[in-house]
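Here's a quick briefing to read with the model open beside you. Have a look at the picture first, then work down the topics.

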Number of protein chains: 2
Amino acid sequence: MKHIADSTVRRLSLYLRFLEEFERQGHDTISSGELARSGGTTSAQVRKDLSFFGSFGKRGLGYAVTDLIASLRRILGLEARWPVIIIGAGKIGAALAQYRGFGVHGFDVVGVYDTDPARVGERLAGILVQPDAALEGDIARLQPRIAVLCIPGEAAQAQLDRVAKSGIRAVLNFAPTALSAPDGVAVRTVNMATELEVLAFALTNPEA
Amino acid sequence: MKHIADSTVRRLSLYLRFLEEFERQGHDTISSGELARSGGTTSAQVRKDLSFFGSFGKRGLGYAVTDLIASLRRILGLEARWPVIIIGAGKIGAALAQYRGFGVHGFDVVGVYDTDPARVGERLAGILVQPDAALEGDIARLQPRIAVLCIPGEAAQAQLDRVAKSGIRAVLNFAPTALSAPDGVAVRTVNMATELEVLAFALTNPEA
DNA sequence: CTTACCTTGTGAATGATTTCACAAGCGCCC
DNA sequence: GGGCGCTTGTGAAATCATTCACAAGGTAAG
């Protein structure tokens, strides 16, 4: 397959959000233009994004909402559910573990881990917090595909390397550090400081 | 000023993170190559990013760490502190309100708001949760420059429009919806579902 | 002072992404 | 069936971002 740009995949996910909303509102079909307006992009962009994966619309009519949802879910790899582990049961980790939107979108939290004995044994949304030492065994047993790191920056690289060694190939990092990703491991970092700084820049340079 | 790409600003923020770390480790100077290696980019990229704003290095020697930190902070608009309000004191809002990293990077949480009477009056990291109705008055009084939305998706657009009307020009959105930004308002959305879906796509299409 | 060695800053080249523009397809109505 | 209005899918063009490559400038040592 031709390489697909990250920006394209992000937009596909966004389109999926809107299509789900459109479906709830009872719409049967939608045009690239309507989808574009919801997502702040252009109709040509929508069509180009989809064209990388095939042809999903009917000329003159638009896209069948339900079919397009199914196609996008297949494209994004959401036909099966993805087991996820959360590493770190602090404020952010606990908030994520209890976030129901996770499950709605096809991701199941199958484990939560922490090094702090005071947190081990806590129950978060039906999951018992496990000791950090249980990680390798649980990865082998539960076969999670994605790890979410909710730990301090200084611990993040070590835990990334550790889960990578156990076979995890996708990591979502909330630690405020850039990580160097082991070969073949997809890492995405969500960094609050960076997001705020981009906003500060925008406020400081209104014209840029 | 020439328009600066979003990707450039994000990298500048990343460079700043590394430079702070380098400074702690006692380094006086750093070359574009070293900075690039830390941030997973190339030396030419580092130099090009900086060149949009001026000339900060010494040929043959590299960059003076402390000076470059100061320059980046000035470029990003971090010379003054930014007052921030958090709207929504649920799991995520409360976690953010208590996150110390906020303050470290020059952002001060000056208000937390919630519509739920049960949450109003709670104390989060020294801030009392205020009723939603106090929002307009507090914005006029406290002059926050950034609002962080930690509320359900269906409420997000309305609250965005509301704070925009009160004069807020930068919003960080944690609600799982794309928002249409009023004119002149910078909005950044952090969407967990999208991040996870990008990872699911990467796992499903290892070659893409 | 001169040479050897580094590293920056930056036009030019390349590569990637977005936008344009239009032929082709479909539904509907007469 | 033919014409009209609408919308897709897609090469080609334009724009935007990254990488290359090298002249210019600096340090250090002899």
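Which element gives the most to the surface near DNA strand D? That would be α3(A), with 6 residues. Keep in mind that this is a predicted model, where local features need pLDDT of at least 70, side-chain atom pairs count only at pLDDT 80 or more, and totals for chains, interfaces and linings use all residues. Residues are numbered from 1 along each chain as its sequence is written, while chains are lettered from A and ligands numbered from 1 in the order in which they are written.

**The DNA side**

- There are 29 residues around DNA strand D, and S55(A), G57(A), G60(A), A5(B) and G60(B) come nearest; a residue is near a strand if its C-beta atom, placed from the backbone, lies within 6 Å of it.
- Helices (H or I, at least four residues) and strands (E, at least two) are DSSP runs, numbered from the N terminus.
- By class, the surface near DNA strand D splits into 15 polar, 8 nonpolar and 6 charged residues. Here Ala, Val, Leu, Ile, Met, Phe, Trp, Tyr, Cys and Pro count as nonpolar, Asp, Glu, Lys and Arg as charged, and the others, Gly among them, as polar.

**How the two chains meet**

- 50 residues of chain B are in contact with 50 residues of chain A, contact being C-beta atoms, placed from the backbone, within 7 Å.
- On the side of chain B that touches chain A, two or more residues come from each of α1, α5 (91-97), β8 (170-173), β9 (186-189) and α9 (192-204) of chain B. α9(B) gives the most, with 13 residues.
- That side of chain B divides into 28 nonpolar, 13 polar and 9 charged residues.
- The copies meet through the same surface, because 98% of the interface residues of chain B are also interface residues in chain A.

**The sheet in chain A**

- 7 strands make an open sheet in the order β5-β6-β4-β3-β7-β8-β9 (chain A), with mixed pairing. At its edges stand β5 (123-124) and β9 (186-189) of chain A, each with a single partner strand, so one side of each is left without a neighbour in the sheet.
- Two strands pair if DSSP finds at least two bridges between them.
- β3 (residues 82-87) runs parallel to β7 (residues 146-149) in chain A, joined by 4 bridges. Across this pair, I87(A) has L149(A) as its bridge partner, and I85(A) stands opposite A147(A).
- β3(A) also pairs with β4 (residues 107-114) of chain A, in the parallel sense over 6 bridges.
- 5 of the 6 residues of β3(A) are buried, so this strand is largely enclosed by the rest of the structure. Buried means 20 or more other C-beta atoms within 10 Å of a residue's own, exposed 12 or fewer, and partly exposed in between, with C-beta atoms placed from the backbone.

**Zooming in on W82(A)**

- W82(A) lies in strand β3 of chain A, and its bridge partner in β4(A) is F107(A).
- Why does W82(A) count as buried? Because it has 22 C-beta neighbours inside 10 Å.
- Leaving aside neighbours within four places in sequence, W82(A) is in contact with G106(A), F107(A), R145(A), I146(A) and A200(B).

- In chain B, β3 (residues 82-87) and β4(B) pair in the parallel sense over 6 bridges, with I86(B) partnered by V112(B).
- β8(B) and β9(B) run parallel, joined by 4 bridges; N173(B) has T189(B) as its bridge partner.
- The largest nonpolar core has 122 residues, and I86(A), V148(A), L149(A), I86(B), V148(B) and L149(B) have the most contacts inside it. Such a core is a set of buried Ala, Val, Leu, Ile, Met, Phe, Trp, Tyr and Cys residues joined through C-beta atoms within 7 Å.

Terms used. Two residues are in contact if their C-beta atoms, placed from the backbone, lie within 7 Å.
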